[in-house]
Amino acid sequence: MGHRVTAEQLREILAVARKLRISAQEETDDDYVDLFLRAALALEDRARQLAFHPYDPRPLELEDQEMRAALHRPVDILC
């Protein structure tokens with residue numbers, strides 16, 4: 001999401017997570033229970049991230065760009 005998230009959007013994300021957790025309680029197949037719980041956890045984590053670490057649309061500073069270029073420089077492993 002490239003924009004500010006509203007409280008209503010966070011509530012909607014958490015509502016879907018709640019429905020997934022309810023479905024997990026009602027399901028008898030362990031594979032589906034695991035799937036529902038992992039999806040709910042991922043949504044809850046994403047909502048937490050959006051709430052406490054909102055997207056910053058500012059471009060990277062020049063110093064950050066130079067650091068990233070240095071970190072992603074190809075390495076020759078042949079001797």
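1. In helix 1, the buried residues are L10, I13, A17, L20 and A24, where buried means under 20% relative accessible area, exposed over 50% and partly exposed in between, with a 1.4 Å probe and protein chains only. Seen down the axis of helix 1, these buried residues fall within an arc of 85 degrees, so they line one face of the helix; the arc is that of the directions from the helix axis to the C-beta atoms. On the other side of helix 1, R11, R18, K19, Q25 and E26 are exposed, and what covers the buried residues includes helix 2.

2. A word on provenance: this is a predicted model, in which local features need pLDDT of at least 70 and side-chain atom pairs count only at pLDDT 80 or more, whereas totals for chains, interfaces and linings use all residues. Residues are numbered from 1 along each chain as its sequence is written, and side-chain values use heavy atoms, with hydrogens and water left out.

3. The chain has three helices and zero strands, giving the pattern α-α-α when read along the sequence; helices (H or I, at least four residues) and strands (E, at least two) are DSSP runs numbered from the N terminus. For helix 1, the 20 residues at 1.5 Å a residue should span 28 Å, and the end C-alpha atoms are 29 Å apart, which agrees; the expected span is 1.5 Å times one less than the number of residues.

4. Which residues make up the largest nonpolar core? This core has six residues, namely A17, L20, A24, V33, F36 and A40, a nonpolar core being a set of buried Ala, Val, Leu, Ile, Met, Phe, Trp, Tyr and Cys residues joined through side-chain atoms within 4.5 Å. Helix 1 (7-26) and helix 2 (30-52) each supply at least two residues of this core. Apart from it lies another core, of five residues, among them V5, I13, A47 and L50. Leaving aside its neighbours within four places in sequence, A24 is in contact (heavy atoms within 4.5 Å) with V33, F36 and L37.

5. Three salt bridges are present, each defined as a side-chain nitrogen of Lys or Arg within 4 Å of a carboxyl oxygen of Asp or Glu. In one of them E44 pairs with R21, with the closest N and O atoms 2.9 Å apart; because E44 lies in helix 2 and R21 in helix 1, the pair ties together parts that are 23 residues apart in sequence. R21 counts as partly exposed, at 33% relative accessibility.

6. Two further salt bridges deserve mention. D34 and R38 have their closest N and O atoms 3.0 Å apart and, being four residues apart in helix 2, are separated by about one helical turn; D34 is partly exposed at 40%, whereas R38 is exposed at 51%. D45 and R48 have their closest N and O atoms 2.8 Å apart and are three residues apart in helix 2, again about one helical turn, with D45 partly exposed at 36% and R48 partly exposed at 46%.

7. For the chain as a whole, 15% of the 79 residues count as buried, and residues 24 or more positions apart account for 51% of the contacts with a separation of 6 or more. The chain exposes about 7,100 Å², of which carbon and sulfur atoms supply 56%; accessible areas come from the Shrake-Rupley method with a 1.4 Å probe, and for residues only the protein chains shown count as cover.
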